[in-house]
Amino acid sequence: MGWQRKILRVNLTAGTCVHEPLNMDWAQQFLGSRGLATKYLMAEIDPKVDPLAPENKLVIATGPLTGTIASTGGRWTAVTKGALTGAIAASNSGGQFGGELKMAGYDLVILEGRSPHPVYLYIEDDRAQLLDASHLWGRSVWEIEPAIKEAHEDPLIRIASIGQAGEYGCRYACIVNDLHRAAGRSGVGTVMGSKNLKAIAVRGTKGVRPHDPAKFMSAVKVATDALAKNKGRKGMTSDGTIAMMDVTGTFGALPTRNNREVQFEGSAKLNAKSMKAPNEHGHTNLIQNAACFACTIGCGRISHVDPQHFSVKDKPQYQKASGGLEYETAYALGSAVGVDDMDAATYAGFLCNEYGMDPISFGGTLACAMELYDVGAITKEHTGGVDLSFGNAEALCLMAELAGKGEGFGRDLGLGSKRLAEKYGRPELSMAVKGQEFAAYDGRAMQGMGLGYATSNRGACHLRANPYGADFTSTATEGKAEVVRTSQDLISAIDATGLCLFTLHSGATPEHYADQIDGACEGEWTLPRLLETGERIWNLERQFNLAAGLSSKDDTLPKRILEEPAPSGVAKGLVSGLKTMLPEYYERTPSGAAPGSPAAPSPRRWAAPTAPPGS
Amino acid sequence: MKVNVRLMGWLREFLRSDIEKFDDKDLELADGLTVGGLADELGFRAETEFMAMRNGTHVKPEVLDTTVLADGDVVIYVPPLKGG
């Protein structure tokens with residue numbers, strides 16, 4: 001079956017938890033996780049709703065392969081209207097929580113309304129109840145996870161929760177699970193906080209039954225063997241995603257100081273090698289790698305900060321091991337803000353996890369604030385006397401704390417870069433798309449990535465398209481539109497399976513996903529059908545955005561990327577060729593429809609065998 | 001001639017099996033070897049796409065096999081890592 005065929009609907013206003021059967025027609029069309037949750041959201045809310053109103057809903061979703069032995073089958077997704085963007089938000093996380101929720105018997109948990117007081121949702125298989133969380137409100141993720149486990153006398157409970165950032169309305173608050181994994185982007189934690197829901201704690205013992213066990217086991221073995229042999233996978237295990245730092249740093253695609261530059265002189269202090277090398281005190285940042293539920297890649301990093309570093313001196317609670325720098329955090333808390341201090345970036349990353357903030361958007365917003373400070377739009381009067389110069393590691397650490405708690409200038413940082421730059425009169429200094437801050441790639445050196453950012457339904461994102469190979473091979477715009485569009489469809493499908501996207505970067509082929517889904521689910525899942533499902537999901541997200549009031553005008557990039565040439569690197573002198581690529585990207589849109597509109601089905605994909613989205 | 005060869009990301013995983021893995025190494029090479037030819041000799045050219053830089057300048061794919069290395073050169077090979 002793959003699917004558990006069951007939804008948990010939680011009405012926070014009424015305080016009720018009700019089981020419902022899963023709509024299996026929709027499951028056959030939208031598969032699971034990102035896809036199926038978006039279908040339910042689209043059907044149940046007005047896309048024009050205020051993201052923080054009780055009428056917005058938050059859908060926590062697993063995929064058919066979540067909770068199975070398929071490698072990386074532990075992913076879960078939070079889908080809602082994003083507090084940061086006002087667009088569809090689909091934020092994906094690993095860890096152990098997703099597998100536990102699936103094994104408790106649920107494909108989706110739909111959270112609606114707003115509780116009159118803080119609560120947490122406690123699930124033990126079929127039993128689900130809302131419990132008072134007044135004593136947990138105002139406390140961090142790191143405090144409440146052990147508190148809930150202790151209260152229920154069960155260390156195996158898995159918890160997804162918000163920290164103080166989600167409580168006060170930081171626009172890029174995330175939902176953190178298992179202490180340091182996060183559904184990070186677009187403000188899904190802000191929506192959870194607006195519902196007075198502090199945490200979801202779950203214990204599941206039911207297991208997951210595939211539709212055809214023999215076929216499923218065979219497909220899993222083929223896919224897992226492919227990962228085991230793959231050389232890229234070996235690199236991902238040994239170095240983690242931070243290996244990218246040398247690549248973008250050399251190429252000239254590493255956003256530096258709010259994208260003023262594309263290469264960072266301090267990148268060698270933030271790379272995989274320096275993470276493993278002892279510092280002058282003999283302290284090594286990296287302790288070991290880590291894997292999520294059922295994962296055979298293990299790209300995660302477990303780190304600790306040098307106890308003698310200024311950030312953690314006399315703070316023993318921060319001298320322990322926790323989730324270390326990934327490439328994205330090393331960029332956002334490093335080159336984006338001009339800081340080359342690995343311990344400071346690691347500590348700031350810890351704070352993002354503890355308070356429940358997306359480190360990419362926090363770093364991007366701080367980088368924007370630093371440029372506003374540099375041009376005089378922000379002064380020490382605004383910052384409480386703090387010198388916000390690029391490169392100030394102490395300011396990075398302090399601002400992470402203030403933004404996490406919503407105190408002082410941190411409250412302004414909690415707005416996100418778009419609202420911050422508008423507030424201080426320089427909107428062009430926000431490096432964001434649809435209000436969401438850039439990930440760790442510059443759209444001038446990587447033309448496909450720029451197009452991917454611009455057209456991403458949830459705002460700037462490095463996980464919505466796969467132009468890496470094409471971009472690192474050529475800085476030209478030719479062919480990038482097709483790469484971006486087709487990979488957006490494939491990734492939408494992968495995100496709906498419950499597997500990790502990094503399998504695609506570690507040796508998995510599209511056939512591996514289709515074969516595993518075919519073993520797990522009824523319905524003859526071929527690769528063409530899987531890809532068609534991906535396109536359907538992408539277009540449904542786009543329909544949501546159009547109904548929310550967004551249009552193709554939002555498929556754009558900041559003026560800096562469109563008009564200011566890259567100052568160095570392989571793409572020196574280039575600006576984004578977005579205007580050249582967009583028409584080709586839209587080419588498959590049926591004539592008569594608005595550019596970028598998925599309103600009418602394309603003959604190639606939507607004619608058969610399934611109905612068009614929205615039906 | 002001596003050339004400093006730097007392999008970015010985890011390109012070392014794609015080295016020929018009889019070559020000891022390295023990220024940054026000075027190699028003694030035969031005169032006349034090109035940037036593309038060195039990638040062939042190291043064994044990763046057949047296995048993965050890459051971008052090359054010689055002394056800080058991008059060596060475009062069409063001139064990989066005509067760009068001759070010289071003593072003292074620094075050549076960097078960058079693989080197309082994904083994700084992050």
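## Contacts of A:I144

Leaving aside neighbours within four places in sequence, A:I144 is in contact (C-beta atoms, placed from the backbone, within 7 Å) with A:L136, A:R139, A:S161, A:K198 and A:A199. The residue sits in helix α4 of chain A, residues 141-151; helices (H or I, at least four residues) and strands (E, at least two) are DSSP runs, numbered from the N terminus.

A:I144 is buried, because 24 other C-beta atoms lie within 10 Å; the cut-off for buried is 20 or more such atoms, while 12 or fewer makes a residue exposed and anything in between partly exposed. Its C-alpha atom is separated by 9.7 Å from that of A:L179, 35 residues apart along the chain.

## Basis of the model

The model is predicted: local features need pLDDT of at least 70 and side-chain atom pairs count only at pLDDT 80 or more, whereas totals for chains, interfaces and linings use all residues. Residues are numbered from 1 along each chain as its sequence is written, and chains are lettered from A and ligands numbered from 1 in the order in which they are written.

## Domains of chain A

Chain A is assigned domain 1 (6-203), domain 2 (264-430) and domain 3 (442-606), with bounds from an automatic or database domain assignment. Taken over C-alpha atoms, the centres of domain 1 and domain 2 of chain A are separated by 26 Å. Their contact takes 35 residues from domain 1 of chain A and 25 residues from domain 2 of chain A.

On the domain 1 side, the elements of chain A giving two or more residues are α3 (97-103), α4, α5 (164-168) and β11 (181-183). The largest share of that side, four residues, comes from α5(A). By type, the domain 1 side has 15 nonpolar, 17 polar and three charged residues. Here Ala, Val, Leu, Ile, Met, Phe, Trp, Tyr, Cys and Pro count as nonpolar, Asp, Glu, Lys and Arg as charged, and the others, Gly among them, as polar.

## A hairpin in chain A

Strands β7 (residues 119-124) and β8 (residues 127-132) of chain A pair in the antiparallel sense over six bridges; pairing requires at least two bridges found by DSSP. One bridge joins A:I123 to A:A128 in β8(A). The two strands form a hairpin with two residues between them, and A:D125 in the turn has a positive phi of about 50 degrees.

## Chain A against chain B

The contact between the chains takes 26 residues from chain A and 16 residues from chain B. On the chain A side, two or more residues come from each of α8 (231-239), α9 (244-251), α11 (327-332) and α19 (468-473). That side divides into 11 nonpolar, nine polar and six charged residues.

How values were computed. Contact = placed C-beta atoms within 7 Å.
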